[in-house]
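Have a look at the structure first, then read on.

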Amino acid sequence: MQGSSSPNRAYLHVIVFFALIFGTGFLPPLGITEMGMNILGVFLGLLYGWSFIGFAWPSMICLVALGFTGYAQPASIIASAFSHPAVLFTIFVLAFTTYCDKSGINAVMAKWFLSRSIFAGHPWIFTASVLVGTLLISFLVDGVPTVFLISGILYSIFDDIGLKRGDAYPAWLLAGVCIAGVLSFACKPWAGQNLMGIGTLAEVSGGTAVIENITVIAVALPVCIATLLVYTLIVRFIFRPDVSHLAHLTREYLAGIRNGIEMGRAQRIAAASLVVFLLLMFLPNILPEGSSLAAFFNKFSMTVAITLILGVLSFIRVDGKPAFDFQACSGGINWNVIWMLAASIPVSAAMSSDGAGLSRVLTELLHSFASGGNIILFLAGFMIFVNVMTQFTHNVTIVLIAVPLIWNLSQSTGINPVGFSILMFLAAGAAFATPAASTVGALSFANGEWIGMKRAFQAGILGCIGGIVCMLVLGLPLVMAFVGI
């Protein structure tokens with residue numbers, strides 16, 4: 001009986017998926033245009049498909065379906081999706097992060113972070129440092145391999161010091177590692193919802209509202225570090241696990257981990273490529289405007305920068321082979337992510353188009369809330385709403401819907417769209433309370449041996465509450481200081 005119910009449920013999801021896409025247009029228009037209803041159906045179908053079916057084929061169907069709503073021709077929609085800089089950059093950067101993992105630079109950074117002598121006799125400094133170290137390494141490379149790498153090293157440490165599967169401390173620490181991996185994406189201007197949001201704001205504003213990479217990091221990184229420190233305090237004073245086994249983390253034991261670090265030519269080249277990538281991301285923001293040097297580095301968009309780096313790495317030889325082999329690293333390109341981004345771009349543009357009327361209706365609704373009270377309270381409420389919604393909906397979807405609304409709202413209320421958008425990116429990126437909130441966060445819920453579902457939910461929910469508090473207490477002032485509200 002159980003075997004037959006699963007296929008039936010899958011067929012039901014497919015029926016609902018197609019009914020949303022092709023049936024919504026037959027409903028009353030609800031204040032928007034007929035085309036807007038058809039576009040709304042494609043969007044709802046896309047959201048439903050991502051939630052209950054998968055990412056690839058629902059994205060393909062929705063891209064084609066969008067071409068029959070009256071918005072644009074199907075061929076031009078698909079072409080615009082895959083020619084978008086964000087999609088091209090994501091393909092290349094996923095290959096680059098796979099290269100970093102294969103080169104061994106991830107392992108070098110992880111072992112270096114986990115083997116500091118200060119951890120000896122200080123279990124909570126060790127805990128906080130593991131979490132912050134995971135965040136920083138994930139920021140430099142990628143959250144998924146970093147979480148697996150850090151977890152693997154921690155498993156060895158737990159075995160050495162006598163901690164077992166099911167013990168409380170390893171569960172809370174491993175759940176925190178997954179949370180740190182999620183938060184790393186909120187700090188990167190070149191990843192996930194930030195990448196799409198920055199590009200979307202620039203497009204809808206005609207280039208007048210530009211978010212600089214360094215501003216995103218300057219706001220998000222302190223907030224995410226504070227969130228992990230708050231999570232550490234939650235583990236220490238609310239969950240209160242036994243940490244007596246960590247007394248075995250002696251200086252000699254930590255020195256043994258450090259002695260296992262090998263920094264060969266491959267790792268040095270990977271480290272240098274990371275530094276070059278970061279420099280190309282930041283230099284246009286920090287060099288004096290109008291200088292010839294700034295004009296030169298402004299030519300290096302994220303896509304141009306990563307293409308150049310991969311080209312140079314392909315030329316450099318290590319042990320007679322290219323340092324970067326695109327074919328070998330192509331396995332790290334997550335095509336679910338690529339299709340999701342490719343479908344998000346034209347669907348978001350269609351949703352915010354004047355012909356649809358959807359953006360106007362939602363903007364009017366938000367304007368009634370924003371103009372009816374304190375603007376700070378409105379921003380706080382909006383951030384909480386976005387964070388809660390992202391627990392059940394992909395954050396890219398939320399960002400792509402919200403950014404055009406923020407731009408339209410800023411025109412009538414005077415809210416700074418740059419500051420408002422950065423806060424919204426942060427709220428959307430700091431969601432990890434449910435398995436649906438994030439791929440990296442879902443690893444916590446999937447680790448039944450060490451963490452368990454109950455502890456994963458407890459860690460995720462309390463961690464998110466701590467994150468929201470940090471956003472409001474620290475994020476708002478930082479945004480006001482850097483770009484204003």
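Let's start at leucine 154, which touches Phe126, Val130, Leu173, Leu174 and Val177, leaving out residues up to four places away in sequence. Contact here means heavy atoms within 4.5 Å. Before going further: this is a predicted model, so local features need pLDDT of at least 70 and side-chain atom pairs count only at pLDDT 80 or more, while totals for chains, interfaces and linings use all residues. Residues are numbered from 1 along each chain as its sequence is written, and side-chain values use heavy atoms, with hydrogens and water left out.

Leu154 also shows up in the largest nonpolar core, which has 169 residues; Leu154 and Trp190 are the ones with the most contacts inside it. A nonpolar core is a set of buried Ala, Val, Leu, Ile, Met, Phe, Trp, Tyr and Cys residues joined through side-chain atoms within 4.5 Å. Buried means under 20% relative accessible area, exposed means over 50%, and partly exposed lies in between (1.4 Å probe, protein chains only).

Now for two threonines on one helix. Helices (H or I, at least four residues) and strands (E, at least two) are DSSP runs, numbered from the N terminus. Threonine 98 sits in helix α5, residues 85-103, and threonine 90 is in helix α5 too. Threonine 98 counts as buried because its relative accessibility is 16%. Threonine 90 has a relative accessible area of 9%, so it is buried as well. Skipping neighbours up to four places away in sequence, threonine 98 touches Cys329 and Gly332. With neighbours within four places left aside, threonine 90 is in contact with Leu195, Val337, Ile338 and Leu341.

On to helix packing. Helix α20 (residues 395-413) pairs with helix α19 (residues 375-390) and also with helix α18 (residues 358-370). Axes are lines fitted to C-alpha atoms, for helices over the stretch in contact, and angles run from 0 to 180 degrees between N-to-C directions.

| Helix pair | Axes come within | Crossing angle |
|---|---|---|
| α19 and α20 | 10 Å | roughly 155 degrees |
| α18 and α20 | 9 Å | roughly 55 degrees |

Angles under 35 degrees count as roughly parallel, over 145 as roughly antiparallel, 65 to 115 as roughly perpendicular and the rest as oblique. That makes α19 and α20 roughly antiparallel to each other. Their contact is made by Phe378, Phe382, Val386, Met389 and Thr390 of α19 with Asn395, Ile398, Ala402, Ile406 and Leu409 of α20. By class, this contact has eight nonpolar, two polar and no charged residues. Ala, Val, Leu, Ile, Met, Phe, Trp, Tyr, Cys and Pro count as nonpolar, Asp, Glu, Lys and Arg as charged, and the others, Gly among them, as polar.

The α18 and α20 pair is oblique. Ser359, Leu362, Thr363, Leu366, His367 and Ala370 in α18 meet Pro404, Leu405, Asn408, Leu409, Ser412 and Thr413 in α20. Those residues divide into six nonpolar, six polar and no charged.

Finally, which phi value does arginine 240 have? Its phi is near 50 degrees, a positive value in a residue other than glycine. Arginine 240 lies in the loop between α11 (213-239) and α12 (251-259), and it is exposed, with a relative accessible area of 65%. Aspartate 319 has a phi near 55 degrees, again positive in a non-glycine residue. Aspartate 319 is in the loop between β1 (317-318) and β2 (321-322) and counts as exposed at 77% relative accessibility.
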